[in-house]
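Me: I am new to this structure and would like to learn how to read it, one feature at a time. Could we begin with how far to trust it?

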Amino acid sequence: QAAKKHYITEPLLMIMMSCLPSSRLNLYSACNVTNMLACVMVICTLIGVAASTSTSPSDDEGFATLVAWMKLHGGRVDSRIDVATNGNGIRGVVALSAIEEGTELLFCPWELVIGSTGMQDQMQKGDGMCSVVKQMAQQIRLKSQSLWHPYFNHIELPRLAATWEPSALAELQGLPPTQDADRHVRWFHQRCDNGGDILDAAAMRSLVSFISRASEVGMVPIYDLLNHHNGKRNAKLTLTDEGVTLITVGDGHIIQRGQEIYLSYGIKTASTIYRDYGFVEEWPTCWNFKDAASGDNFAFVVFPHGVVAINPSAEYLKYIWQTTNLSPEEFEAGAMRHTESLAVGDLERFAQAVRDHLEDFPSTLGEDELILEGYRKVLLAEEQAALLVSSDSSNVEDIISAISYRIEFKTALTSSLIYAESMMASKIRQNVGSHEL
């Protein structure tokens, strides 16, 4: 148990075992004071060395069980990865020590993939996805009798808008994904459930798991623990005749100890990411909105330090998605070049649409922050007083999530407006200067 807790490696375990008697016949002779003290000293020393040369072990005992289950069925998991929770309370996969590019982090045999059985039998859209959701729901109902029980038991699901009460959806103030929050539920009823309108707990858990965790071939255990980040992507999924492999990528860059390992879910708008996965991407964050007056659609991509790519082209978005291991500054430089290429008139139309959109909201950014603070205090007080049952607590948390989302959107709009106005002023000065010359 001590070895497991402190990540003692197999060679160290062999040394530790050498302290112990080789058979039960010489147990008594081995257990004298000198040998016992020597064993204690060796074990304590090795535990100290292991604890000092690895990152802090996670409290996620379920991950160790999941890894053991994967290996039992022919899978492979690199011993240098673990599950950890970051400062924002988000669980993800991190490196325990340096990992080189091209390393196999995970091999999952087709036997353990839900949705595909091989290269020639991969999950298809439509009925194929229905089959995955139904199969997973059936396995969830089997509980400990299911082959995938260690996997299902380890899954943590987000609170997607599809599961919210109307009071929480109203706090989005009409922002996407309000109109299609239940899109996936409607799809399941229409395509998979013969027009039914009720999902039991197992079916809903299966559907939310599929929405938020499925890969191109279906459900792949451990692979789906990796979080999404288009700016820090350093791993990708590959397929072989034997199964699914997760390998590191990065143009020669090494994943350092303590660094999180990320996938890319593709270039998607913030509202789609929020609807399907329950979070807002850190950066690059792709926002879009429709101007009520003109009916025009506008989009912009936000980077750190207030840099914004306004009206991004398809080529520019493809560049973001396909590029790995650029620094934030290099991504920002590309965004600046893109926005600088826009005409002053295009920037002005964008800026006016943003101003109008901000004015149309029933509350300001400052008011939203006060409302959010109030809900957080109410939730904390009622949880401490044990006044909320689970469903009530979930609804309040959903309301907090909705308010937080609209705050992020209004903050992004404000940043894009500031950046557009700054870029316009710079272009006008350059034009005036060129005319004077």
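Reply: The mean pLDDT of the chain, where pLDDT is the predictor's confidence in each residue from 0 to 100, is 85, and 84% of the residues reach 70 or more. Over residues 1–57, however, the pLDDT is below 50, and beyond near neighbours in sequence this stretch has 40 contacts in the model, a contact being heavy atoms within 4.5 Å. Where pLDDT is low, the predicted coordinates should not be read in detail. This is a predicted model, in which local features need pLDDT of at least 70 and side-chain atom pairs count only at pLDDT 80 or more, while totals for chains, interfaces and linings use all residues. Residues are numbered from 1 along each chain as its sequence is written, and side-chain values use heavy atoms, with hydrogens and water left out.

Me: What should I look for in the hairpin of β9 and β10?

Reply: Strand β9 (residues 285–290) pairs with β10 (residues 297–302) in the antiparallel sense over six bridges, and Lys290 has Asn297 in β10 as its bridge partner. Six residues lie between these strands, and in this hairpin Gly295 takes a positive phi near 80 degrees. β10 is also joined by three bridges to β11 (residues 308–310), again antiparallel, and in that hairpin, with five residues between the strands, His305 has a positive phi near 65 degrees.

Me: Which residues have the most contacts inside the largest nonpolar core?

Reply: In soluble globular proteins, nonpolar side chains tend to be buried together. A nonpolar core is a set of buried Ala, Val, Leu, Ile, Met, Phe, Trp, Tyr and Cys residues joined through side-chain atoms within 4.5 Å, buried meaning under 20% relative accessible area, exposed over 50% and partly exposed in between (1.4 Å probe, protein chains only). The largest has 53 residues, and those with the most contacts inside it are Met70, Ile114, Tyr151, Phe152, Ile222, Leu246 and Ile261. Helix α10 (residues 201–213) gives the most to this core, with six residues.

How values were computed:
Pairing = 2+ DSSP bridges. Helix = DSSP H or I, 4+ residues; strand = E, 2+ residues; numbered from the N terminus.
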